[in-house]
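Q: Please take a close look at the disulfides of this chain and at what surrounds them. Where do they sit, and what do they tie together?

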Amino acid sequence: SRSLVITSGEKSFEVAQGEKVTLPCTFEISEEDQGSLDIEWVLIPADNQKDEQIIIMYDVDRIYDNYYPALKGRIQFTKSDPGSGDGSLDILNLKAADTGTYQCRVKKAPGVQSQKIKLTVLAKPARTKCSIEGPQEIGKDITLKCTSQEGSALLSYDWRRVSGTQGLPATSMLNKNTGELLLKNASKDYSGTYHCVASNRVGTDECSVELNVTPPINTAGVIAGAIIGTLLGLSVLAFLVFCCCKKHREKKYEKEVHHDIREDVPPPKSRSSTARSYVGSNRSSLGSMSPSNMEGYTKTPYSQVPSEDFESRPGQNPTFASSKVAAPNLSRMGAVPVMIPAQSKDGSIV
């Protein structure tokens, strides 16, 4: 006689992150197995000190899938009726944390069988970038780099040329682990488009780069041109600074001259004002003179005062009045009356 047996044979899976995996668990029941059918999947921890964790179970025509919160909503039996002989398990939207060892157990008294399956969730290569290191000049060594920023180990890189001869140059050296392609003593024939493929066990990713090998640059000419350009630029800058400073000084000078008014210098007097002051002062002197000092005063020539500076009424002679003019009544003021000299037509004092 024979008892219950598990017929599925695969025991190891490597699947890309985000994809779906089916862990197989098919079985056959013998006539001796008369008990109730019980199918359960458990996750065996890497640490032996921890207990196994039931993730899903089929018992007496019922399915229980609320045992393991980390896989809730992402696990299911492949068949709607696992009791028909297929207790395989589907895990959806795989994550890196789903990596581990899973065990399928089938019980139908007196038969009991189990099978372990190892699951490894890997990340595909992603965000792969190609770049060029070193001057792209004839005779120089040039390095093409290829790097994937995402992806599980073990990553492998491969370069190929997709233009021209379709083959890598004879002097090229490829490191599949680092993704570096060294082109020694480059020539113009090395120019073209290079393509890199990054891969691991679950996927691939690609990138390309354009290589253009040119003759060496005339360094001396570039340096000389840079020096000349710098000197010209400094000259122009110095000229502009000079012009700005000169203009600023001119504006400052004009402003100072415009606003520089000396308060201690009185404004100039007009000729008429001067003449009036002169005549007024002489008249005052005449009024205070006594007969004793009249002789010294008569020596002063009246002709020294410009005749145009005297104000006179229309039709009157600017000369002094004749002797008919009476002296002012000074008796009331307590002063001695004096004679006021008059000028005759010939200019003599009367």
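A: **The disulfides and their surroundings**

With -65 degrees about the S-S bond, the link of Cys25 and Cys104 is left-handed. Cys25 belongs to the loop between strand S3 (21-23) and strand S4 (27-28), while Cys104 is part of strand S10 (residues 100-108), so this bond ties together parts that are 79 residues apart in sequence. The model is a predicted one, and in it the sulfur atoms of Cys25 and Cys104 are 1.8 Å apart. Both cysteines of this pair are buried.

The surroundings of Cys25 include Ser88, which touches Cys25 and also, among others, Thr22, Leu23, Pro24 and Thr26. Ser88 itself lies in the loop between strand S8 (75-77) and strand S9 (89-91). Further contacts of Ser88 include Trp41, Gln76, Phe77 and Thr78. Ser88 has a relative accessibility of 5%, and because buried means under 20%, Ser88 counts as buried. Its side chain makes a polar contact of 2.6 Å with the side chain of Asp86.

Another joins Cys130 to Cys207, with an S to S distance of 1.8 Å. The link of Cys130 and Cys207 is right-handed, with 75 degrees about the S-S bond. This pair connects distant parts of the chain, since Cys130 is in strand S12 (residues 126-133) and Cys207 in strand S18, 77 residues apart. Cys130 is buried at a relative accessible area of 18%, and Cys207 is buried at 9%.

Cys146 and Cys196 also form a disulfide, and their sulfur atoms are 2.0 Å apart. The torsion about this S-S bond is about -90 degrees, so the disulfide of Cys146 and Cys196 is left-handed. Distant parts of the chain are linked here as well: Cys146 is in strand S13 (residues 142-150) and Cys196 in strand S17, 50 residues apart. Cys146 has 0% relative accessibility and counts as buried; Cys196, likewise at 0%, counts as buried.

Strands S17 and S18, which carry Cys196 and Cys207, belong to an open sheet of 3 strands in the order S14-S17-S18, with antiparallel pairing. Strand S14 (156-161) and strand S18 (203-211) stand at the edges with a single partner strand each, so one side of each has no neighbour in the sheet. Neighbouring strands of this sheet are turned against each other by 20 degrees on average, direction ignored. Between S14 and strand S17 (residues 192-200), which run antiparallel, there are 6 bridges. Tyr194 in S17 is the bridge partner of Arg161. In general, the strands of a sheet pair through backbone hydrogen bonds, in a parallel or an antiparallel way.

Numbered in sequence order, the bonded cysteines of the protein chain pair as 1-2, 3-6, 4-5. Cys243 is in no disulfide, and the nearest cysteine sulfur, that of Cys244, is 6.9 Å away. Cys243 is partly exposed, with a relative accessible area of 33%. Cys244 is in no disulfide either; its nearest cysteine sulfur is that of Cys243, at 6.9 Å. A disulfide needs sulfur atoms within 2.5 Å. Cys244 is exposed, with a relative accessible area of 53%.

Notes:
Residues are numbered from 1 along each chain as its sequence is written. This is a predicted model: local features need pLDDT of at least 70, side-chain atom pairs count only at pLDDT 80 or more; totals for chains, interfaces and linings use all residues. Side-chain values use heavy atoms; hydrogens and water are left out. Two strands pair if DSSP finds at least two bridges between them. Helices (H or I, at least four residues) and strands (E, at least two) are DSSP runs, numbered from the N terminus. Axes are lines fitted to C-alpha atoms, for helices over the stretch in contact, and angles run from 0 to 180 degrees between N-to-C directions. Buried means under 20% relative accessible area, exposed over 50%, partly exposed in between (1.4 Å probe, protein chains only). A polar contact is a pair of N or O atoms within 3.5 Å; within protein, one must be able to donate a hydrogen and the other to accept it, and residues adjacent in sequence count only if both atoms are side-chain atoms. Contact means heavy atoms within 4.5 Å. Lists of a residue's contacts leave out its neighbours within four places in sequence.
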